[in-house]
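Colleague: Please take a close look at the charged side-chain pairs here, and walk me through how they connect the chain.

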Amino acid sequence: DEVQSSLRDVYRHTEEYMAANEVPEGGDDPEWQITQDMQFVLRVACTTALYPLEYAKTLIQIGYEPIAPRPGRTLFGERRLMLPNVFQYAAHIKNVDGFFGCFRGLSARLVGNFLSSYYGGVVADRLGYREPPKRKDTGRLSYREDRRKLKMEFVMNLKRNLVVHATGVVISQPFYVISIRMMAQFVGRERIYTGLVASIKEIWKTEGVSGFFSGMIPRLVCDLGCVLIGSTLTYLLSATIVEGETSRNNLNTLSHFTVSSLLYPYHVVSTCMIVNGSRLKAGNLPLMENYVNWRDCYAKLRATNEHKRGSSLFFRAVPKVITKASNIFAPYPEMK
């Protein structure tokens, strides 16, 4: 009886909260539509503009280092062999393939991003996970009322974001795989993945349906883990220490950035598993080990201190532990 009573109270409070803060969705509002369109255009523009850096980062994640490291110092002044930063790496890609070569795989990435952002929200709406509306008269709320609404917003946002991100990853994964493999062709100079249609045929012919979802599990772990841990951390700190909407928004950004940094190795594992076992030279010996599964990949990368490849875009030092079988690096100079 107590459990049922508590559930009824939560349901009643949620309905009251939604009714008190209900705002029109704005689907027919021209200004709202312009805002949504502008956000979409800005996302496409940012993705396109930063894609050469993403290209370089992807090659770094799979362990390809065509430029020999040089003696230098880390951010903390330690003498190490330093690899080129992401801008120098992108410049190398441009020197080899030209300006338009820096955007190989962009079309697949944009298609995946569009499907992910659109259908993620659609699925969440169909399942009834609505985004909580903005508060009204936040400054007039009592401490207890503020905490109650904060908890409701946390639960509603968390459920919706988990559904949105999970759906987005699953729907976009085939295009994400195509994009990564198009970029990985730079290593062996292949021309296997030349377009969306040709790439789909290649994956279907050689790997079947499972090939379109290579590396999806570690990507889900990284994405959903970031949402779950970051949102929970933000809520706990907001409910106990941080006050004010602006401070809480900044805390949310900082929390998600911190958690994404901690889970970054799973992003590296996902990229490696997408390439591993394909017909590309970058995904096979001697350039990459043949991993049994993504857990095996994570364990081996961690053992060689390469599980954070690409996490630092400027001060990139050669890992202190290097596998003897690795031939993917250019010859090392001697430290003097």
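Modeller: Happy to! Let's begin with R279, which is exposed at a relative accessible area of 52% (exposed is over 50%, buried under 20%, partly exposed in between, using a 1.4 Å probe and protein chains only). This is a predicted model, where local features need pLDDT of at least 70, side-chain atom pairs count only at pLDDT 80 or more, and totals for chains, interfaces and linings use all residues. Residues are numbered from 1 along each chain as its sequence is written, and side-chain values use heavy atoms, leaving out hydrogens and water.

R279 meets E202 in a salt bridge, N to O 2.9 Å (a Lys or Arg side-chain nitrogen within 4 Å of an Asp or Glu carboxyl oxygen). The two lie 77 residues apart, R279 in the loop between α10 (264-275) and α11 (294-303), E202 in helix α7 (helices are DSSP runs of H or I, at least four residues, numbered from the N terminus). E202 is buried, at 9%. Shared partners also join D97, R104 and R189 into one network of salt bridges.

Next, R181 pairs with E207 at 2.5 Å, N to O. R181 belongs to helix α6 (residues 143-188), while E207 sits 26 residues away in the loop between α7 (196-206) and α8 (216-240). R181 is buried at 0%, whereas E207 is partly exposed at 25%.

Finally, R109 and E54 form a salt bridge, their closest N and O atoms 3.8 Å apart. That pair bridges 55 residues, from helix α5 (residues 106-126) to helix α3 (residues 51-61). R109 is buried at 9%; E54 is partly exposed at 24%.
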